[in-house]
Amino acid sequence: MNDLRLCLEWARGTGGLAPYFEGLGAGIARATCCPGCHRTWFPPRLACTCGRVELQWRTLPGSGIVRAVTAGPGRLPGEEPTRTLVLALVAVEGADNAVLGRIEPPIAPAVGAGVRLIADTLRGRPAWSAVFTPC
Amino acid sequence: MTAFGRRSDGTSPRDWVRQVAQEAIRDACIGPEQVDALVVATESDFFWPQLCPGALLVDEAGLVPRPVMRVEMGGASGAMAIRAGTMHILSGMHRNVLVVGYEQAASGLPGDDVRTLYGLSFDAELEGMAGASAASLYALSAGLYMHEFGITERDLARVSVKNHGNAVLNPLSHKPMQVSIEDVLASRPVSSPYKLLDCSMISDGAAAVVLAAESFGPPRRPRVRIAGWGCASDHSRLGDRARPYAFEGKARSAHQAYEKAGITEPKREVGLAEVYDAFTGAELQGIEALGLCDAGQAARALAEGRFDRGGVLPVNLSGGLLGQGGPPGATGVAQVVTLAQVLQGRYWPGLQPGGERRFGVADAHSGVASVSVTHVLEKLP
C-alpha cells in the first residue's frame, strides 16, 4: 500500500455567529432573541424555530445549570495531546435551549449543579468553545 | 455485501464496489444491461481520497452510460440511497436501480483522525470545535434518557451482549464476540456512561441491492417489497431539542413509513428490525422511537428476551453496528439486504428466525438522530 499524506489547514470564518464567538473569548454570553416568539437562544440560532430570521442580539448573565454531563479522553480539533474532556449540556439562565460546553477544570459536576461561563483562553482567537466552571 | 471490518489486504473501495455490484445484479437474476441507474452512498471523501466517487464507480461497475447519483447523509447515507433509489422507481423514471453503499472508515486514516472528523459531522463550529465527539454527544443524550426512565449501565450493556452475540453467527461481521454484561461494564471508559463495548466500530465495507419495479427473482423465492418509507429531521444540536433523550425525528420518520405500509400497531405487526445502534443506548432509544415498545420500556423488554434472535421481535440479527460493524455508506444498504434475506428465509442459518414474519423495519440516522430514514420491507404472499 502507498501512503498519502495531506496536511489540511482551513481558514474558518465565524460569519453571522461572530458576536457569539467574540463573547466566548471574553466570557460573555451573547444570545439571540426572537422578536416574534420571544424565545432566547444560547447558543444563538440565526433562524428561530418559529421561522423568523430577524433575530436580535442580547447578553445573558452567563450562569447556568448542568442538565447532562459526560467525561472521557479526547482532544480538541487541531490539538494533539489526548486529555480528559468534560462536556456538559448547560441551560444558561435566560435561554430557552441548552449549550454544549466544556467544564474547566475537567472534573465532572453533578447534574443540577450551577456553573458560570468563563473566557475560553485555551487556543487563542477565535474562541471556539463555551467554557464553564463550577460556581 | 463484503465482510465489514478493517481491511488490510491492499484492496480499496473500488474493488469492494465492483464485487458487491456484480453480486447484487446476479442475485436479482438480471443482467447488467437491465440496470437503468446507479445510486452510490458514501459519507466522507476524507476516508477514501476519491472526490466525486459516483463518476468513477459507475464506470468501475461496468454501467456506463447509465445515470449515477451520489448520496450523503452521515450515518444514514446508505438508507438515504435506498430512499433515492425508491424515488427513482416510484417516479417512473427507472425500472431497475442498483444501490451501492461503501466506506473505508477503518483502514484509511488513523483512528484518532477519523474520530476527529466524525466530531465535525454534528455542528462543527458550535460543538465539534469545542471537542464534541460522536461518543460524547450520544453519551449526553443517553445520560438524559437513563435519568428520565431509570435505565442503568447494565441495561445498556445487555444491548452489546445481544448484538455481539448475533454477530458470532454472521460470517461477514466485524466483531463477533461472546461478551458478558460484566465484560462490557469492565471495558475501558470512552465517554461516560459509555465504555468501549457500548460503542460501535468504525468499519470498512460495501453492500449493494437492486431495487426493481417488478420482481425478477427465481419463481420459488418469496418476493419482498419496500412497503413504506419515511424521513424526518430534528434539531441538529441536542440542546435545541425539548427532549434531547427522545429521538423524535425518528418517531416522525417511522410514522410516515408505517402509514404507507398500512401498519397501525408496530409493536404487534413488525416482525424484525435492524436498528441504528451506533451506541448501546441508541438502540434502546431507537426501538422506542420506532414504536416497537412503549417509552422507557425497551430495556425491560430486552431483558425479557423480546429482541433476542429467538424473541418475538428480533432486533439487529445481523449484529448491528455494534457487532456486524459500521461503514456509514454501506450500513443502510446492508440493513435492507439483511431484512430481505430474512423475510425470504435465506439468511445465515443460525440467525434465521422461526415463524412467519411479514414486516421488517430498517432504521438509520445521521447525527444523534438528526435526520432519520425508515423503510418497511414486506414479504408478499
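In E5(A), which residue is the bridge partner of Gly72(A)? I looked this up and found Leu85(A).

**Entry 1: ground rules**

I note that this is a predicted model, in which local features need pLDDT of at least 70, side-chain atom pairs count only at pLDDT 80 or more, and totals for chains, interfaces and linings use all residues. Residues are numbered from 1 along each chain as its sequence is written, while chains are lettered from A and ligands numbered from 1 in the order in which they are written.

**Entry 2: strands of chain A**

I took helices (H or I, at least four residues) and strands (E, at least two) as DSSP runs, numbered from the N terminus, and I took two strands as paired if DSSP finds at least two bridges between them. Strand E4 (residues 63–74) of chain A runs antiparallel to E5(A), and 10 bridges join them. On its other pairing, E5(A) meets strand E6 (residues 99–103) of chain A in the antiparallel sense over 4 bridges, and Leu89(A) has Leu100(A) as its bridge partner in E6(A). E5(A) and E6(A) form a hairpin with 6 residues between them, and in the turn I found Gly94(A) with a positive phi of about 95°.

I then checked burial, where a residue is buried if 20 or more other C-beta atoms lie within 10 Å of its own, exposed if 12 or fewer, and partly exposed in between, with C-beta atoms placed from the backbone. Strand E5 (residues 83–92) of chain A is mostly covered, since 7 of its 10 residues are buried.

**Entry 3: chain B as a whole**

I counted 13 helices and 10 strands in chain B. Its radius of gyration (taken over C-alpha atoms) is to be set against the globule rule, 2.2 Å times the number of residues to the power 0.38. The value for chain B is 19 Å, close to the 21 Å that the rule gives for 381 residues, so chain B is as compact as a globular protein of that length. Its C-alpha atoms fill a box of roughly 55 × 45 × 35 Å along the principal axes, and buried residues make up 60% of the 381 residues.

**Entry 4: one residue, Met69(B)**

I found Met69(B) in strand E2 (residues 68–71) of chain B, where Met69(B) is partly exposed, with 18 other C-beta atoms within 10 Å. Taking contact as C-beta atoms, placed from the backbone, within 7 Å, and not counting residues up to four places away in sequence, I saw that Met69(B) touches Val39(B), Gly54(B) and Ala84(B).

**Entry 5: where the chains touch**

The contact takes 30 residues from chain B and 23 residues from chain A. On the side of chain B that touches chain A, the largest share, 7 residues, comes from H5(B).

**Entry 6: a sheet in chain B**

Four strands of chain B form an open sheet in the order E7-E10-E9-E8, with mixed pairing. Strand E7 (224–233) and strand E8 (270–274) stand at the edges, each with a single partner strand, so one side of each is left without a neighbour in the sheet. E8(B) runs parallel to strand E9 (residues 359–366) of chain B, joined by 4 bridges, and Glu274(B) stands opposite Ala362(B) in E9(B).

Notes:
Contact = placed C-beta atoms within 7 Å.
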